[in-house]
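Subject: Handing over the structure

Hi,

Here is the structure I promised to pass on. My notes on what turned up in it follow below.

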4 protein chains.
Amino acid sequence: MVIVMKPQATAAEIEHVLRRAASMGAQTQPIHGENHTVIALIGDLTQVRRQTFDAMAGVLKTVRIQDPFKLASRTTNPDGTTIDVGGVRFGGDQVVVMAGPCSVESREQIIQSAIAVKEAGASVLRGGAFKPRTSPYSFQGLGEEGLRYLAEAREITGLPVISEVMTVETIDLVAEYVDILQIGARNMQNYGLLKEVGKTNRPVMLKRGISGEIQELLMCAEYILSNGNMQVMLCERGIRTYETATRNTFDLNAIPVLKRASHLPVVADPAHGTGDWELVPPMSLAAVAAGADALILEVHPDPESALSDGDQSLKPERFADLMHGLRRVAEAIGRSIASPAGETAADDAKERDGAEREKEVVLA
Amino acid sequence: MVIVMKPQATAAEIEHVLRRAASMGAQTQPIHGENHTVIALIGDLTQVRRQTFDAMAGVLKTVRIQDPFKLASRTTNPDGTTIDVGGVRFGGDQVVVMAGPCSVESREQIIQSAIAVKEAGASVLRGGAFKPRTSPYSFQGLGEEGLRYLAEAREITGLPVISEVMTVETIDLVAEYVDILQIGARNMQNYGLLKEVGKTNRPVMLKRGISGEIQELLMCAEYILSNGNMQVMLCERGIRTYETATRNTFDLNAIPVLKRASHLPVVADPAHGTGDWELVPPMSLAAVAAGADALILEVHPDPESALSDGDQSLKPERFADLMHGLRRVAEAIGRSIASPAGETAADDAKERDGAEREKEVVLA
Amino acid sequence: MVIVMKPQATAAEIEHVLRRAASMGAQTQPIHGENHTVIALIGDLTQVRRQTFDAMAGVLKTVRIQDPFKLASRTTNPDGTTIDVGGVRFGGDQVVVMAGPCSVESREQIIQSAIAVKEAGASVLRGGAFKPRTSPYSFQGLGEEGLRYLAEAREITGLPVISEVMTVETIDLVAEYVDILQIGARNMQNYGLLKEVGKTNRPVMLKRGISGEIQELLMCAEYILSNGNMQVMLCERGIRTYETATRNTFDLNAIPVLKRASHLPVVADPAHGTGDWELVPPMSLAAVAAGADALILEVHPDPESALSDGDQSLKPERFADLMHGLRRVAEAIGRSIASPAGETAADDAKERDGAEREKEVVLA
Amino acid sequence: MVIVMKPQATAAEIEHVLRRAASMGAQTQPIHGENHTVIALIGDLTQVRRQTFDAMAGVLKTVRIQDPFKLASRTTNPDGTTIDVGGVRFGGDQVVVMAGPCSVESREQIIQSAIAVKEAGASVLRGGAFKPRTSPYSFQGLGEEGLRYLAEAREITGLPVISEVMTVETIDLVAEYVDILQIGARNMQNYGLLKEVGKTNRPVMLKRGISGEIQELLMCAEYILSNGNMQVMLCERGIRTYETATRNTFDLNAIPVLKRASHLPVVADPAHGTGDWELVPPMSLAAVAAGADALILEVHPDPESALSDGDQSLKPERFADLMHGLRRVAEAIGRSIASPAGETAADDAKERDGAEREKEVVLA
């Protein structure tokens, strides 16, 4: 840490800062510049509180030199972390595509969606059972019933599932049914929730808050990691800026920035990122080109009837088209798209037939 | 609601929208402009989902005409709501000053602070027992122990207390000790928490999230109100913008905007709003001039030693100076500063003596 | 300046930085922390380019310690600068109110406005002759004709006038007619224009750009000051944020921040700041309470017919009401509102009669 | 346009709005909803000023339905516009790469850069002769001397050149030397400058301002187009948000949004967009994947010695690597990278030899 004194700081004020820093266990190194005295703090800074110095007379500002996160930092694992979810690997050479409807609305809807997204090549199924909604008068999700349908869809298709957990009390319930726990953007800084999912052994996808700084996102990941759960993925899903042409500003820059700063896999969510289904295909391609390890996409058999996010959902046929494009872009940058678990590229043809059969079975 | 069709929308697409809207119970009124057809939806729109139309072919955009909140709207109570907390009235002619340290750090610290802020004229005591902290390695609050000290400080000074509640599980605990439940900025959209405080009968101060739109703040208040608790105050505490000269951008405009849109009392928090104690006095005066019904301020007997927010806390003597200024500005706009409950202006002199005596008793 | 090396920076990379800094004339002081080496640069840094180091291998980041502006800094004039414009003093104990229509639309309109605002107590007349407009299809101002009407309004009322200059070629023309040159928000970083107004001897009011950082505003002032014109005022007029409840977010925090950082007088523009006439009165009172040295307000005899900014203009009678409020708030903080030049408080009664007579004369 | 009345608007206020709209030539269609009356304005709205209604009693707000730009709209040219610059075509199937140093610093530097970027496959040379700089104490560009060197570099390499024009007075001078006039971000709303470049017959690349809305960018393009110059390209170069991990937030979403809204070619500038050379390669690939018609990149033979923007410049070898990646991603989405004018893929081998020879000649 560096403490910058005001130009008019007195010798007594400087002395006071030096003594205080020492009392917190830091070594100090004063530097007398032309206008300012600057005090560098080195050594063990674990007991040093930055705000103490900001509150002191004569101090202009303090500047942090070291990152405030440790376990999330790339320096702790320079090769990058990979996370295995039922045979699907996040953070490796392959790019994982997670897809499905925003909300689980019915048994039919989620099973039909699961088959459709698997057929097009997705390897993880998404679907919300507990929904955080801006209006108390909107659909709030099916709850446990939705979780059961998700589990059933997994059984039929073999796709692992991801779903959001919103409260501490429901962690065990959600973890019983799903393969990846999603922490939504509104809960990025719900520290109680972060600590508790940090005590589970389920992989967690942590979404960046709508006004979360990249550094804050990493600090929030630190809450999970420091509680023992090292299977954390970070998800960019759009930030709030002055621009209103898109619902949010999908911040693709976060992808290479996070890959550089951290060893954790990075997921991109272009549906929430832009809020506009017409923008999802180009921004999905761009996310892969920028280095995302996974995509999470909204696919709905009938977007107009969706109980949430219909405006940012793709129809299954558009999603299938997009998958073709994604495979080509992934290849162009030396990666590939992960196949549904247990499959090889050779299974592709069979898969399509199988899906047809599954459809008959299920919807009969 | 108004649905704007694309210039090239077909007759079939327009027809589809009209039929869909009718099936949701809305009356429709198409308007054929020079470039666009626009469809106005009137009547009962409770079953109308805007995103359905945004997902439809031929639709350019939808525009909401009516506010999405009802109970929070000024139209439901044009005269404004007042909330009584142990004899202190929020939302009336008087401006309430709440003050105290960011965190309860010890019995001595909170009692000493309570006496000091009461002496200077504050009528509510603040102090955090459960603290949401950006870093998992920071001080997280004293928990229930802190609540007990707050209650003790209330007993000694007669000041009602406000403190933050962070989780559903601790609502009952916090409500047992404190007079006003504070919902922090990070939890503005923690809907589970909002619903549950909505079921209590404690007044609630809801803080605007760091990137909360004013309309979203009102929607969040709606979650509390619609669960039966009508004693809600709204608090402006700074938003996140590109400007870094202040920690946040304290958005004073929100004060008159909220007063116009809603009947709920409005509180200003210049300490978090600016993050800089030197800016707290001028911005406090400005908040009162702009029409705030209350201020919440951080006062700490020794800001340098504060375990949190020392950099935005006032020393007691600076706070006393500020109180003088606040009284003058309140008067200039035809209001006054609320006295500690049960007191009259005439008690002022006695009060000061009393405080001296209290100090002796307590710290003996 | 402080250069922070990456944790894995090599000795050779550190050495390279040290030598490069020395070659630019800086003294260097390396500090070896636990994870990072940090290099402090002291002495004469005028030849040091920060980006050189940011481009170097092994460098994590650079941190500027000193403000990049000099002449605008409060340290060059700790007592604050006052600027005299035809007997009206900016930056002293009195708060100056500038008022008038957004655009000069006709001889009658500007003269009528001038009389009305003077009568209510404004001491400077505003009015745009050259208008920067978002649409090429909007009214672009009367140009020189408008300047002539402004000058005529000054002759009749004695009020100095302020008007915007948009291009280098028209500086001489505008300076011939007006008392204060206004640089609009869109031109805050029009460096060619800043340099040239820096060579005139007319006071300049420089508006903060809609996304201007406070530090950038001061750097832009530096362009004017370093060209020899020391009569610069800084104007806060709203910044662009995610909030859409107000057209801009009027950043009142900038007022105390600028007063602390700089010796230049600070003006507040609540009309552009909020874009909503109903918010102008409370935010004007707040601006004075926060320490603004002057206000610039839009007053139009018939806002509905205004060719620009009618939605943020006050009618003369509302403005007169506001002036009463401003006088009271100014007094509450130990200041007063400047009277029109050459007047004393005692002239007030006469003034009102005079204004009546002026009206007859002019509009006859 | 739609005018939304307040719930408590009186019949007289509604009548007043209707009459006013009619007096401006609009047809009106009132819609009486449950809470609000809404008035739709149709027909010829060219004489309708939105602010007139915002200033009226009883009006809650006005909502614009039609885009305020016409010539820039995709509806005026649904197939998209292509612009030919010395044989290089913008807006077609090929993606154009423009590259070179931020500033022209010397004859050697620009010629060496031109050869290097051509060799790697760039087809347009960039280089600034007039530089807008935040500090009055920074390097301000070589001016006309720089333009001469650019022209010389073009003569040697055959690459067309792009350079910034900052003032009306220098348009003719810059247009004499360069092939594409660049309007910088700070001048996006310098309407005088826009009008004048609109009267030239040089292609113009208009950069989005650091806080420019996408719609504002299109309105600014409209200033150029409506003056007769239809050869306009739009450039995304990063916007200002709260995130500080990148210098700006490079808004890739703007690329598909602009392509949908307008027929004009879209350029991406990842160097300014991110301000960090390590992020330029991934974000360049992403920009092409998102649909950009061209890239403009900073390449400098020795970034550490660059007089501006060294921290966001690529070394020539890194740029050559990036070009390989760009070719693969362009192919993946069915496009290709434009070759330097007059060349075919077959020339590629020869080209490299030629460049070697050119180098000898020039630097001898």
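A word on conventions before the rest. This is a predicted model, in which local features need pLDDT of at least 70 and side-chain atom pairs count only at pLDDT 80 or more, while totals for chains, interfaces and linings use all residues. Residues are numbered from 1 along each chain as its sequence is written, and chains are lettered from A and ligands numbered from 1 in the order in which they are written.

**Where B meets A**

In this pair, 33 residues of chain B are in contact with 34 residues of chain A (contact means that the C-beta atoms, placed from the backbone, lie within 7 Å). On the chain B side, helix 2 (50-54), helix 6 (191-197) and helix 7 (214-225) each supply at least two residues. Helices (H or I, at least four residues) and strands (E, at least two) are DSSP runs, numbered from the N terminus. Helix 7 of chain B has the largest share of this side, four residues. By type, the side of chain B that touches chain A has 13 nonpolar, 12 polar and eight charged residues.

**Where C meets B**

Here 34 residues of chain C are in contact with 34 residues of chain B. Two or more residues each come from helix 7 (214-225), helix 8 (254-261), helix 10 (280-290) and helix 11 (316-332) of chain C. Helix 10 of chain C gives the most, with six residues. This side of chain C divides into 18 nonpolar, nine polar and seven charged residues.

How is chain C superposed on chain B? It takes a rotation of 180 degrees with 0.0 Å of shift along its axis (RMSD 0.0 Å), which is the relation of a two-fold axis. C:Ala286 comes closest to that axis of the residues of chain C, at 2.0 Å (C-alpha). Again the same surface serves both copies, as 100% of the contact residues of chain C recur in chain B.

**Inside chain C**

Strand 10 (residues 180-183) of chain C is covered on both faces: C:Ile180 and C:Gln182 on one side, and C:Leu181 and C:Ile183 on the other, are all buried (20 or more other C-beta atoms within 10 Å of the residue's own, C-beta atoms being placed from the backbone). Strand 9 (residues 161-164) of chain C runs parallel to strand 10 and is joined to it by three bridges, with C:Ile162 opposite C:Ile180. Strand 11 (residues 204-207) of chain C is also parallel to strand 10, again through three bridges, and C:Met205 is the bridge partner of C:Gln182.

**Domains of chain A**

Chain A is divided into domain 1 (2-63) and domain 2 (74-358), with bounds from an automatic or database domain assignment. Their C-alpha centres lie 45 Å apart.

Best wishes

Technical notes. Two residues are in contact if their C-beta atoms, placed from the backbone, lie within 7 Å. Ala, Val, Leu, Ile, Met, Phe, Trp, Tyr, Cys and Pro count as nonpolar, Asp, Glu, Lys and Arg as charged, and the others, Gly among them, as polar. Copies are superposed by least squares on the C-alpha atoms of residues with pLDDT of at least 70 in both. A residue is buried if 20 or more other C-beta atoms lie within 10 Å of its own, exposed if 12 or fewer, and partly exposed in between; C-beta atoms are placed from the backbone. Two strands pair if DSSP finds at least two bridges between them.
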